[in-house]
Amino acid sequence: MAAHESRLHIPPSPARPGEPPDFSYLKTSPAGSVPRPEITAPLVTIEPLASEMVRVLDDAGTAIGPWNPHLDPEDLQVGLRHMVLTRRFDDRMLRIQRQGRITFYLKSSGEEAVSVAGAMALRPDDMLFPSYRNQGLYIARGRSLVDLMCQCLSNTRDMCKGRQMPVLYHWGSGNIFSISGNLATQFPQAVGWAMAAALKGEDRLASSWIGEGATAEADFHHALTFAAVYQAPVILNVVNNQWAISTSQKIAGGELSTFAARGPGYGIPGIRVDGNDFLAVYAVMQWAAERARRGNGPTLIEHVTYRASAHSTSDDPSRYRPQEEGRAWPLGDPIARLERHLEVLGAWSADRQDRLEKELDAHIVECWREAATYGTPSEGPSLDPMTLFEDVFKEMPKSLARQRDELKALLGG
Amino acid sequence: MPQMNLVQAVNSALDVMLGRDPSVVVMGEDVGYFGGVFRCTEGLQRKYGEHRVIDTPIAEGGIVAAAIGMGVNGLRPVAEIQFADYVYPAFDQIVSELARLRYRTAGEFSAAVTVRMPCGGGIRGGQTHSQSPEGIFTHVCGIKVVMPSNPYDAKGLLVSSIEDDDPVIFFEPKRIYNGPFDGDWHKPAVPWSTHSKGDVPAGHYTVPLCRAEIVRTGADVTILAYGTMVHVAEAAVRLAGVDAEIIDLRTLVPLDTDTMCSSVCKTGRCVIVHEATRFSGFGAELSATVQEECFWHLLAPIQRVTGWDTPYPHAFEWEYFPGPARIAAAIKTVMEAS
Ligand SMILES: Cc1ncc(C[n+]2csc(CCOP(=O)(O)OP(=O)(O)O)c2C)c(N)n1
């Protein structure tokens with residue numbers, strides 16, 4: 001049973017450390033080349049979009065083709081601001097983790113357009129079911145950085161009361177669901193939320209995001225089946241950032257087909273989009289939202305992007321991919337590309353970019369200073385350990401109250 | 001003799017078995033090229049090839065289901081679940097299929113699958129990287145459940161698990177991967193090289209699946225523990241200053257009731273410790289067994305020291321963790337009761 005006799009197909013290995021980066025597998029379409037179907041178009045006319053790639057920005061930074069959402073420069077500037085804030089916030093929190101002041105962190109660098117353009121294309125009362133790499137949704141919806149930082153600190157202002165690892169936020173009034181550490185669970189839950197919205201006759205939709213790696217979980221199949229059967233008003237987003245920790249998107253089933261192409265098999269339109277093209281992401285999200293609102297059912301969107309940083313603070317990507325791979329990524333950087341486009345429109349400059357970064361950095365520092373006053377591991381106030389026993393049930397059962405009292409006695413209170 | 005930490009011991013067991021038995025395959029998320037997020041499979045794909053050390057899609061249900069199919073077709077798969085907290089998508093495949101295959105086919109079909117998974121807390125991993133779900137699996141008839149407390153046992157028990165023709169759930173307490181953590185998190189970490197059970201033979205050997213080990217002999221009280229809690233119990237005994245007998249169960253199913261009950265009959269007192277939550281935890285089974293077998297010898301009610309009945313928190317990990325102080329208090333309680 002030696003390996004050379006085996007007929008088992010193992011997907012080809014991606015470029016590994018020491019090898020030149022290789023993105024020859026990545027199929028793209030020229031900007032502006034993919035048609036934009038009517039939202040009522042039959043599935044067969046939409047099907048080619050699952051293997052093409054919707055792109056609006058060309059290499060020169062001009063917006064072209066039928067998917068151009070024709071956003072005002074002011075809106076684009078807002079989008080740029082959210083993306084830059086997301087990136088600088090991530091960078092700052094990573095440094096804070098390295099200093100040992102939070103236990104863990106996970107960046108979304110390189111993928112900011114997916115979340116920011118997505119949130120901007122939806123309405124504030126649409127319900128979002130994110131994965132752990134969608135911090136841009138929080139930023140675009142205006143959650144204060146202080147609140148996010150307090151969650152990462154598990155301090156006295158932590159929305160989770162110390163119950164969750166850093167970045168696993170939630171925001172009830174902002175219509176963003178709790179992030180789970182267990183992959184893929186949010187995907188079918190978003191479908192259920194959307195089914196309830198339809199059942200209640202509400203004009204709201206749900207949108208969920210999942211990594212391409214996590215699409216292998218059965219929950220992905222549950223989501224697509226339920227969404228299709230009930231024609232739920234939901235947008236199902238696969239964020240294909242090429243990597244799931246150390247395994248390439250081929251191990252998730254991306255070798256012979258796209259992730260968008262999963263949709264048509266279930267009767268759901270699947271659209272593949274350049275995830276680093278702010279305008280294209282916005283346009284496709286808008287198209288899917290309109291379909292959902294008009295009662296035309298779910299859409300599956302594959303956002304093709306690149307995880308520019310480590311998976312999290314727990315791993316070192318130089319062990320499994322070439323260090324220079326990020327630079328070879330054919331779809332560039334979402335922030336640089338939007339900047340370029342704004343420059344082409346005459347609505348941006350290097351100077352303004354510089355001022356924006358400085359302003360946002362100062363804001364982040366200010367927020368951290370405030371967050372720290374609500375407690376850090378080494379100083380300031382801390383949560384009451386007795387909160388440990390709250391919220392297991394709505395009312396604390398007697399048996400649990402006894403355990404709480406036991407701990408209280410042990411801690412000398 | 002080579003010194004190994006628990007990660008290296010697991011790696012060595014897999015290496016030995018891949019080398020000896022061509023039907024052994026290792027599979028799981030990130031286990032191949034990367035060598036696993038805890039590095040338990042480091043170097044194995046390079047040595048045995050991509051066809052025997054297989055990177056899988058992220059789908060625990062798929063991993064266990066495929067392992068069952070491979071097992072039915074004569075392979076001996078060793079599947080890794082990246083964290084025990086992520087085993088639940090595989091629950092149906094384990095409970096309804098893996099555990100019952102032999103029974104429902106009157107022995108015509110079976111799958112010799114070993115499912116490894118890191119478990120336990122103490123690494124600031126919050127509720128999705130800290131759980132101890134062993135009690136959920138000990139309640140299922142037809143699977144063996146193992147949890148080592150040191151590198152020597154880890155290797156010997158894992159070899160036995162892979163060689164066993166029945167399915168085995170093999171829990172690896174991740175807090176002791178690198179050293180025998182005794183619950184005192186203020187102290188600097190101690191490496192396995194300072195512990196006699198860090199001496200691990202390089203080749204093939206087994207530790208049987210059904211035998212507990214007395215890690216400290218004593219006359220006054222029996223402490224039943226497994227995994228990380230064996231070391232925490234040792235610290236608690238030093239703290240309490242009592243002549244305690246500590247039993248490392250090693251295999252939870254099948255359980256070595258002889259070793260544990262003859263000890264309790266001797267000491268007349270029993271303290272049970274585990275990291276997992278208390279209600280319907282494995283401690284309840286141990287307590288019932290001790291009561292049934294040793295009732296007339298007991299001098300005091302049996303005590304359980306466990307995680308609180310809440311999800312595993314991120315803050316207050318050490319208030320949650322059943323550390324030496326809580327165990328010492330329970331020892332005191334049983335000593336004073338008689
Ligand atoms: C059910 C479950 N299995 C395994 C894990 C461990 N895990 C965390 S992130 C991750 C990789 C996910 O990759 P992908 O879905 O592509 O998302 P990305 O991290 O690239 O954004 C794995 C295997 C988990 N959190 N939950």
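1. A residue is called buried when its relative accessible area is under 20%, and this cut-off is needed for several of the points below. The structure discussed here is a predicted model, and the remarks should be read with that in mind.

2. Helix 5 of chain A, which covers residues 145-153, has eight of its nine residues buried, and it is therefore largely enclosed by the rest of the structure. The buried residues are Leu145(A), Val146(A), Leu148(A), Met149(A), Cys150(A), Gln151(A), Cys152(A) and Leu153(A). They pack against helix 2, helix 4 (135-140) and helix 13 (350-373) of chain A.

3. Both ends of helix 5 of chain A deserve a look. At its start, the backbone nitrogen of Val146(A) has a side-chain oxygen of Ser144(A) within 3.2 Å, while just after the helix Ser154(A) adopts a positive phi of about 50°.

4. Asn68(A) is found in the loop that runs between helix 1 (43-46) and helix 2 (73-98) of chain A. Its relative accessibility is 15%, so Asn68(A) counts as buried. A polar atom of the Asn68(A) side chain lies 2.9 Å from the backbone nitrogen of His70(A), and, when neighbours within four places in sequence are left aside, Asn68(A) is in contact with Val56(A) and Ala63(A).

5. Met127(A) belongs to strand 1 of chain A, residues 127-129, and with a relative accessible area of 12% Met127(A) is buried. Once neighbours within four places in sequence are set aside, the residues in contact with Met127(A) are Asn175(A), Ile176(A), Phe177(A), Trp193(A), Leu205(A), Ala206(A) and Ser207(A). Gly412(A), by comparison, is 285 residues apart from Met127(A) in sequence, and their C-alpha atoms are 44 Å apart in space.

6. On the scale of the whole chain, chain A is divided into domain 1, made of 43-312 + 324-382, and domain 2, made of 385-413. The C-alpha centres of domain 1 and domain 2 of chain A are 38 Å apart.

7. In chain B, the axes of helix 3 (residues 60-72) and helix 4 (residues 91-98) come within 7 Å of one another and cross at roughly 30°. Because angles under 35 degrees count as roughly parallel, helix 3 of chain B is described as roughly parallel to helix 4 of chain B. On the side of helix 3 of chain B the contact is made by Gly61(B), Val64(B), Ala65(B) and Ile68(B), and on the side of helix 4 of chain B by Gln93(B), Ile94(B), Glu97(B) and Leu98(B). Sorted by class, this contact has five nonpolar, two polar and one charged residues.

Technical notes
Residues are numbered from 1 along each chain as its sequence is written. Chains are lettered from A and ligands numbered from 1 in the order in which they are written. This is a predicted model: local features need pLDDT of at least 70, side-chain atom pairs count only at pLDDT 80 or more; totals for chains, interfaces and linings use all residues. Side-chain values use heavy atoms; hydrogens and water are left out. Axes are lines fitted to C-alpha atoms, for helices over the stretch in contact, and angles run from 0 to 180 degrees between N-to-C directions. Helices (H or I, at least four residues) and strands (E, at least two) are DSSP runs, numbered from the N terminus. Angles under 35 degrees count as roughly parallel, over 145 as roughly antiparallel, 65 to 115 as roughly perpendicular and the rest as oblique. Contact means heavy atoms within 4.5 Å. Ala, Val, Leu, Ile, Met, Phe, Trp, Tyr, Cys and Pro count as nonpolar, Asp, Glu, Lys and Arg as charged, and the others, Gly among them, as polar. Buried means under 20% relative accessible area, exposed over 50%, partly exposed in between (1.4 Å probe, protein chains only). A polar contact is a pair of N or O atoms within 3.5 Å; within protein, one must be able to donate a hydrogen and the other to accept it, and residues adjacent in sequence count only if both atoms are side-chain atoms. Domain bounds come from an automatic or database domain assignment.
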